[in-house]
Amino acid sequence: MDRVQNAAQWVLLSYRIPREPSQPRIAVWRKLERLGVARLGDGLIALPAGDRTREQLDWVAEEVVDNGGTAMIWIASPVDLAQEQAVVDGMRRARAAEYRAVIEQAATVPADEAECTRLVRRLRGELRRITDRDYFPPAERETARIAVQDLAERHITVGERA
């Protein structure tokens, strides 16, 4: 995935989708959340520019249009670097919160071996999903990776004792 530390350009999606039926609007909202977009305003979202992010927003724009809405993709550069930094900081805070949730869950060790296996598998999947939308990694990223790794190692130790 494209990783941008100091983004000079952003891919913007400006869209409008009918309120009814609500299912397509909700589906688009969920896809945008999974992509980790920055919400700049009502119907205006941004991702750091890159081939993959452009393609992802092209797909969302196509879905919006297929559901009776309008969508435009833009490539833009911020004029004010402080405003860009605020967007970056917001994206970083959102991912940090997601990583903290993983860290908290990894701190619990289920007594049941099968449940622990499921938890490790689920948390590894969650880490992959978060990492896929983590364009500006916070410090919590590595802490979460280590917490899940430690849980897996504790699980192996517990399993060996059983």
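Partly exposed means a relative accessible area between the buried limit, under 20%, and the exposed limit, over 50%. Lys31, at 31% relative accessibility, therefore counts as partly exposed. This is a predicted model. The briefing covers its nonpolar cores and its salt bridges.

**Nonpolar cores**

- In soluble globular proteins, nonpolar side chains tend to be buried together.
- The largest nonpolar core here has 22 residues.
- Leu13, Tyr15, Leu32 and Leu57 have the most contacts inside this core.
- Strands E1 (10–16) and E3 (44–48) each give two or more residues to this core, and so do helices H1 (22–35), H2 (51–66) and H3 (81–106).
- E1 gives the largest share, 5 residues.
- Leu13 touches residues beyond four places away in sequence, including Leu32, Ile45, Leu57 and Ile73.
- A second, separate core has 14 residues, among them Ala106, Cys116, Leu123 and Ile130.

- The whole structure holds 12 salt bridges.
- One of them joins Lys31 and Glu63, with the closest N and O atoms 2.3 Å apart.
- Lys31 lies in helix H1 and Glu63 in helix H2, so the pair ties together parts 32 residues apart in sequence.
- Glu63 counts as buried, at 17% relative accessibility.

**Other salt bridges**

- Arg118 and Glu115 form a salt bridge of 2.8 Å, N to O.
- Both lie in helix H4 (residues 113–132), 3 residues apart, about one turn of the helix.
- Asp134 pairs with Arg141 at 3.7 Å, N to O.
- Asp134 is buried, with a relative accessible area of 0%, whereas Arg141 is partly exposed at 22%.
- Salt bridges link Arg95, Glu98, Glu126, Arg129 and Arg133 in a network.

Methods: Residues are numbered from 1 along each chain as its sequence is written. This is a predicted model: local features need pLDDT of at least 70, side-chain atom pairs count only at pLDDT 80 or more; totals for chains, interfaces and linings use all residues. Side-chain values use heavy atoms; hydrogens and water are left out. A nonpolar core is a set of buried Ala, Val, Leu, Ile, Met, Phe, Trp, Tyr and Cys residues joined through side-chain atoms within 4.5 Å. Buried means under 20% relative accessible area, exposed over 50%, partly exposed in between (1.4 Å probe, protein chains only). Helices (H or I, at least four residues) and strands (E, at least two) are DSSP runs, numbered from the N terminus. Contact means heavy atoms within 4.5 Å. A salt bridge is a side-chain nitrogen of Lys or Arg within 4 Å of a carboxyl oxygen of Asp or Glu.
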